[in-house]
Amino acid sequence: MRAFLLVMDSVGIGGAPDAASYFNAGHPDTGANTLAHIAQACAEGRAEEGRSGPLCLPVLDALGLGAAVRLASGDAVPGLEVEPSGLWGAASESSRGKDTPSGHWELAGLPVPWDWHYFPVEQPVFPPELLAEVCEIAGVDGTLANCHGSGTVMLEEFGEEHQRSGWPICYTSADSVFQIAAHEESFGLDRLLNLCEKIAPALHKMKVGRVIARPFVGAPGSYKRTSNRHDYAIMPPQPILTNWVQDAGRRVYAIGKIGDIFSMQGIDEVRKGEDAMLMCHLSDLVEEAEEGSLTFANFVEFDSLYGHRRDVSGYARALEWFDAELGRLLPRLREGDMLLITADHGNDPTWTGTDHTRERVPVLVYGRGAGQIGQIAFADVAASIAAHLKVPAQGPGRSFL
């Protein structure tokens, strides 16, 4: 009896009842639907780069993905229309945020108990005293950027000047984040991580959710971010799912950025890498994970590589890759195992702007029979995992098992 909780980062399914309160480039998120709009684009021949035809997700659809989209939003999902053979439903978030910490904390049983701090869009975005502290820690005379922006654009605009001056690139997004990009070789990876670790308490005091180290390599015109990203997140103020499981004497494995998101609370072992490597780690843990354990994984590239960049074809390719890998994984689970697939927010690649979209998320369960669980809360995911593992749960969630 083990539990595997997989977060397909940003794979929303529309229908959030409060979407009108969230915005992208000044436009409300009402009507955003990551999964449905990708499927519709594929069916209409508008997602043909590196793939072709209708969206093909036979494993996820059999678990109930298409049905979950229709339940959440009523939107058509071309190509995802089979009768589910898994346990399926849709979850709504109560936390005031459409970002990584908000979604993951609530999935782990803890709705965010405060409002996050967001930096203004107008430049300069950061307080002078904050940047002065960055300079003091880094031993430099200044910083670059001081604006909202995409990470890849920041490298294009400031990478060469960064290498020449040695000044770190400081920027933010619509999320509650403070990001620092620096070259792994000319600035130094350890120096970047040290800078982010030391500046993080000041940001956390402001209720900024994460400080993110964004290392990159290469030369002007060919800069590329590396997998050595590290998130320094606010520590959850109360016990979460990982603590519940660990406190019961069970082992908790984190795959991807889960350890960073939860500041290593309740986590015994972390395995990182790009999504293809993360799938290898997950495959290994299907064989190796202890009885009674929790494996908690985040697959970030749906969001980071395709959602924010509004790349519909790329997002569809990533979904089809994940589905094929899942098809090879599920038959290898042990009797009594439970695997739950969900998401933390949306990031509709057909939408205006470049930010996350406020959406409901799918809840797909393998190993616990078939049927509809209906509309549930994010926190119910944690309660249900705890019920499966037979460990005491805390927080507002209720098990659907």
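## D303 and its contacts

D303 touches D9, S10, H308, H345, N347 and H356, leaving out residues up to four places away in sequence. Contact here means heavy atoms within 4.5 Å. D303 lies in helix α11, residues 301-307. Helices (H or I, at least four residues) and strands (E, at least two) are DSSP runs, numbered from the N terminus. D303 is buried, with a relative accessible area of 5%. Buried means under 20% relative accessible area, exposed over 50%, and partly exposed in between, with a 1.4 Å probe and protein chains only.

The model is predicted: local features need pLDDT of at least 70, side-chain atom pairs count only at pLDDT 80 or more, and totals for chains, interfaces and linings use all residues. Residues are numbered from 1 along each chain as its sequence is written, and side-chain values use heavy atoms, with hydrogens and water left out.

## First annotated site

An unreviewed UniProt entry gives the annotation "binding site" to D303, H308 and H356. UniProt positions are given in the numbering used here, feature names are shortened, and annotations may be inferred rather than shown by experiment. The three residues span 54 residues in sequence, yet no two of their C-alpha atoms are more than 8.4 Å apart, so they gather at one spot. D303, H308 and H356 also belong to the lining of the largest pocket.

H356 sits in the loop between β14 (338-342) and β15 (361-366). H356 is buried, at 2% relative accessibility. Its contacts, leaving aside neighbours within four places in sequence, include N24, D29, K98, D99 and D175. D303, H308 and H345 are also among the contacts of H356.

## Second annotated site

The unreviewed UniProt entry also places "binding site" at D9, D344 and H345. These residues are spread over 337 residues of sequence, but they cluster in space, with a largest C-alpha distance of 7.2 Å.

D9 is in the loop between β1 and β2. D9 is buried, with a relative accessible area of 0%. Beyond its neighbours within four places in sequence, D9 is in contact with residues including T100, H104, K257, D303, D344 and H345. D344 lies in the loop between β14 and β15. D344 is buried too, at 0% relative accessibility. Not counting residues up to four places away in sequence, D344 touches D9, S10, E93 and D99, among others.

## The largest pocket

The largest pocket holds about 850 Å³ of space. On a 1 Å grid over the protein atoms alone, a pocket is an open set of points where a 1.4 Å probe fits, with protein on both sides within 12 Å along at least five of seven lines; lining residues have an atom within 4 Å of a point. Grid points are joined across faces, edges and corners, and the volume is the space filled by probe spheres set on the points.

The pocket is lined by 39 residues, and S173, A174, D175, D355 and H356 lie nearest its centre. Elements giving two or more residues to the lining are α6 (151-165), β6 (169-172), β7 (177-183), β8 (210-217) and α11. β8 gives the most, with three residues. By class, the lining has eleven nonpolar, 15 polar and 13 charged residues. Ala, Val, Leu, Ile, Met, Phe, Trp, Tyr, Cys and Pro count as nonpolar; Asp, Glu, Lys and Arg count as charged; the others, Gly among them, count as polar.

## Salt bridges

The whole structure has 17 salt bridges. A salt bridge is a side-chain nitrogen of Lys or Arg within 4 Å of a carboxyl oxygen of Asp or Glu. One joins the side chains of D9 and K257, at 3.5 Å from N to O. D9 lies in the loop between β1 (3-8) and β2 (23-24), and K257 in the loop between β11 (252-255) and α9 (258-261), so the pair ties together parts that are 248 residues apart in sequence. Both D9 and K257 are buried.

E287 forms a salt bridge with R332, and their closest N and O atoms are 3.0 Å apart. E287 is in helix α10 (residues 275-288) and R332 in the loop between α12 (312-329) and β14, so this pair ties together parts that are 45 residues apart in sequence. E287 is partly exposed at 47% relative accessibility, and R332 is partly exposed at 30%. Salt bridges that share partners join D175, R210, R229 and D231 into one network.

## Helix α3

Helix α3 covers residues 65-73, and its buried residues are L65, G66, A67, A68, V69 and A72. They pack against α1 (34-43), α2 (58-63), β4 (87-92), β15 and β16 (371-377). G74 follows α3 and has a positive phi, near 80 degrees.
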